[in-house]
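User: Could you walk me through how to read the features of this fold? I would like the general idea each time, and then the case at hand.

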Amino acid sequence: MSNQISIYQFFSGFNIKEKNGMYVSGGFLKDITQWNQPVPNLIKDAINQKYFLIPDGATPEPNQIALIAREIHNQYSVLAVVNRQVDDKRRPICGYRYFWLDTENEMYMDGIATLLSWWHNQQQPQFKIEYLANKNIAKVEIPEKIYQKPFFKEKEDYLKELWKMAQKQDNIPKLSLVTNINWQGDPEYFRVHYLASFLSGKFAREVSWAWNVHNLEKPKSFVSICSTNQANLEKIEQKINSSIQHINRTEEKELIEPDNPEEKARFEKYQKKKSCLE
């Protein structure tokens, strides 16, 4: 494992306007913005293919956030922090602030847990539209602690219970009703992550989870989805079932597909790494 891991960030792009003394969105821009490191094409592809997207009408509640986390081809780990913004007509929209790190040469590092811990200890930074008017690019951050993947059920008693829960699961995504009560002294999204990690191992899928969401554009592509509202879970389940019924005509991709030969070669390398860990 490397001695130093860097955390980078970028924002979803908005055409910002100033209205009544405050910044609002005048519409989405296709490009991302305010990045402090060129964003890899695989991460851009995942965003463009809507693997992080919360649909219109499903924005988080005011003063709340949703989290979406994904591993991408064992090369990158990404954490998206989503909150509610407004456009120039006072309609609610989602603002996305992304944090990511490179895990290609870090086979045993749990990139998402590292991001999550760093983000939590940094007082949970999130999207603020006024940041887009500031041309100063945010600095690169160094996490205080690097987490390893929880491969073995013997690790800790609390991880063992999550491992057992994952083994009993018959299908994915696992839909869960969650609260804001702490788990093992940490917010519950840590529990969500470790359960998703074990589900990922059982079903041979990359880690991908969503926490405190009302809906998702591609729910079938996740291994775990959590909401604080039962009605939202039922809505998501209906969307998944509808997708399954039409799978022969429009099958939803489970992985972000590389577009060029160099990235395809890296993906094959990832598959070989993954087989060594299973």
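This is a predicted model: local features need pLDDT of at least 70, side-chain atom pairs count only at pLDDT 80 or more; totals for chains, interfaces and linings use all residues.

User: How do I read strand pairing, and in what order do the strands of the open sheet come?

Analyst: Strands of a sheet pair through backbone hydrogen bonds, either parallel or antiparallel. Here two strands pair if DSSP finds at least two bridges between them; strands are DSSP runs of E with at least two residues, helices are runs of H or I with at least four, and both are numbered from the N terminus. The open sheet has seven strands in the order β1-β6-β5-β4-β8-β9-β7, with mixed pairing. Because β1 (8–11) and β7 stand at the edges with a single partner strand each, one side of each is left without a neighbour in the sheet. From one strand to the next, the twist averages 15°.

User: Which strands does β7 and which does β1 pair with?

Analyst: β7 runs parallel to strand β9 (residues 224–227), joined by four bridges, and L175 stands opposite I225 there. β1 pairs with strand β6 (residues 92–102) in the antiparallel sense, also over four bridges.

User: Are the faces of β4 covered or uncovered?

Analyst: Burial is the thing to check: buried means under 20% relative accessible area, exposed over 50%, and partly exposed in between, using a 1.4 Å probe and protein chains only. Both faces of β4 are covered, with I65, L67, A69 and E71 buried on one side and A66, I68, R70 and I72 buried on the other. β4 joins β5 through eight antiparallel bridges, where A66 stands opposite V82. β4 also pairs with β8 in the antiparallel sense over four bridges, and there R70 has S208 as its bridge partner. By contrast, strand β7 (residues 174–177) has K174 and S176 on a covered face, and L175 and L177 on an uncovered one.

User: R70 is charged; which ring does its charged end sit over?

Analyst: A charge sits over a ring if NZ of Lys or CZ of Arg is within 6 Å of the ring centre and within 35 degrees of the ring normal. The charged end of R70 sits over the ring of F222, 4.2 Å from its centre. K218 likewise lies over the face of Y51, at 4.3 Å from the ring centre.

User: How many aromatic pairs are there?

Analyst: Rings of Phe, Tyr and Trp (its six-membered ring) pair if their centres lie within 6.5 Å; planes under 30 degrees apart count as stacked, over 60 as edge-to-face and the rest as tilted. The structure holds 10 such pairs. One of them is Y189 with F190, a tilted pair at 5.5 Å centre to centre with 35° between the planes. Y189 counts as buried because its relative accessibility is 3%, and F190 is buried too, at 7%. Elsewhere, ring pairs link F10, F52, Y96 and Y98 into a cluster.

User: And what does Y189 meet in α2?

Analyst: For contact, look for heavy atoms within 4.5 Å. Y189, F190, H193 and Y194 in α4 meet I112, A113, L116, S117, W119 and H120 in α2.

Key. Residues are numbered from 1 along each chain as its sequence is written. Side-chain values use heavy atoms; hydrogens and water are left out. Axes are lines fitted to C-alpha atoms, for helices over the stretch in contact, and angles run from 0 to 180 degrees between N-to-C directions.
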